[in-house]
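Subject: Structure handover

Hello,

Please find the structure below, with the sequence. My notes on the salt bridges follow it.

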Amino acid sequence: MSDFVDIKVVSSSQEFNDAMQIRRQVFVEDQGIDPALEFDGNDFSATHLIAYFENKPVGTIRLRYFKDFVKIERLCVTKNMRKTNTSALLIESSLSFCASKGFEHAHALCKKELLDRWGKAGFFPIENAPSVNQNGMTLVPIAKKLALPQNHITLQTSPEILNLREGEWFESQKIARTETLDRTEQIKHFVSMTNKVRNLKIAPHIPPLNWHPPLRYDVVDLFEKTK
């Protein structure tokens with residue numbers, strides 16, 4: 001399977017509703033989580049990223065901000081996209097977005113059985129942080145140090161840039177859109193990224209991908225044998 005998936009920062013009521021519908025489908029309907037727990041009131045003070053495939057919403061992730069770190073939450077992907085790298089792309093895009101905002105640390109909670117998978121993405125358990133029992137799962141606090149891009153947001157950033165739509169601060173400096181790149185090279189790039197997420201050991205020093213919204217990613221089927 002190979003086609004394009006768009007990942008963008010939610011910036012309209014329709015996109016917000018799409019993100020909430022994905023979470024309702026995955027967490028409430030599929031996993032049986034109480035809607036009152038899933039929709040906890042924090043959605044209106046958070047940033048959401050959403051993935052579209054063939055113009056249909058297929059994945060989302062939520063970001064909340066604290067003093068010196070960002071918390072990554074509510075990552076979910078629809079059933080038809082769970083054998084692709086969509087979730088990995090959402091995570092990488094979120095980390096790059098946060099790094100552009102100047103955050104050097106990302107925090108998340110993960111199931112104990114998924115620690116190895118998150119470790120390959122550069123996350124590590126937080127020392128002395130207590131685990132959380134939630135919805136029948138044991139969740140472990142994990143973190144990752146982010147590499148800040150040279151042009152990340154600071155107090156000295158021009159007000160003209162700060163007034164731009166969220167995530168589009170450096171739009172004029174973005175690289176060519178992926179649809180203009182050679183398709184073979186594009187697929188090789190995302191296969192490589194997928195392998196990195198799946199195979200690397202904990203490596204907090206590895207910088208995240210550059211964030212240049214909106215992006216069109218080539219979706220790679222993780223179960224597809226590449227020649």
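A pair to look at when you open the file is Arg 74 and Asp 40, which form a salt bridge with their closest N and O atoms 3.1 Å apart. This pair links distant parts of the chain: Arg 74 sits in strand 4 (residues 70-77), while Asp 40 is in the loop between helix 2 and strand 2 (47-53), 34 residues apart. Keep in mind that this is a predicted model.

The two partners fall into separate burial classes. Arg 74 has 19% relative accessibility and therefore counts as buried, since the cut-off for buried is under 20%. Asp 40, at 32%, counts as partly exposed.

The structure holds 13 salt bridges. Another one joins the side chains of Arg 23 and Glu 38, at 2.6 Å from N to O. Arg 23 belongs to helix 1 (residues 13-30) and Glu 38 to helix 2 (residues 35-38), so this pair ties together parts that are 15 residues apart in sequence. Arg 23 and Glu 38 are both buried.

A further salt bridge is found between the side chains of Lys 71 and Glu 73, with an N to O distance of 2.7 Å. Lys 71 counts as buried at 14% relative accessibility, and Glu 73 is buried with a relative accessible area of 6%.

Regards

Terms used
Residues numbered from 1 in each chain as written. Predicted model: local features only at pLDDT ≥ 70, side-chain atom pairs only at ≥ 80, totals over all residues. Heavy atoms only, no water. Salt bridge = Lys/Arg side-chain N within 4 Å of Asp/Glu carboxyl O. Helix = DSSP H or I, 4+ residues; strand = E, 2+ residues; numbered from the N terminus. Buried < 20%, exposed > 50% of the residue type's maximum accessible area, 1.4 Å probe, protein only.
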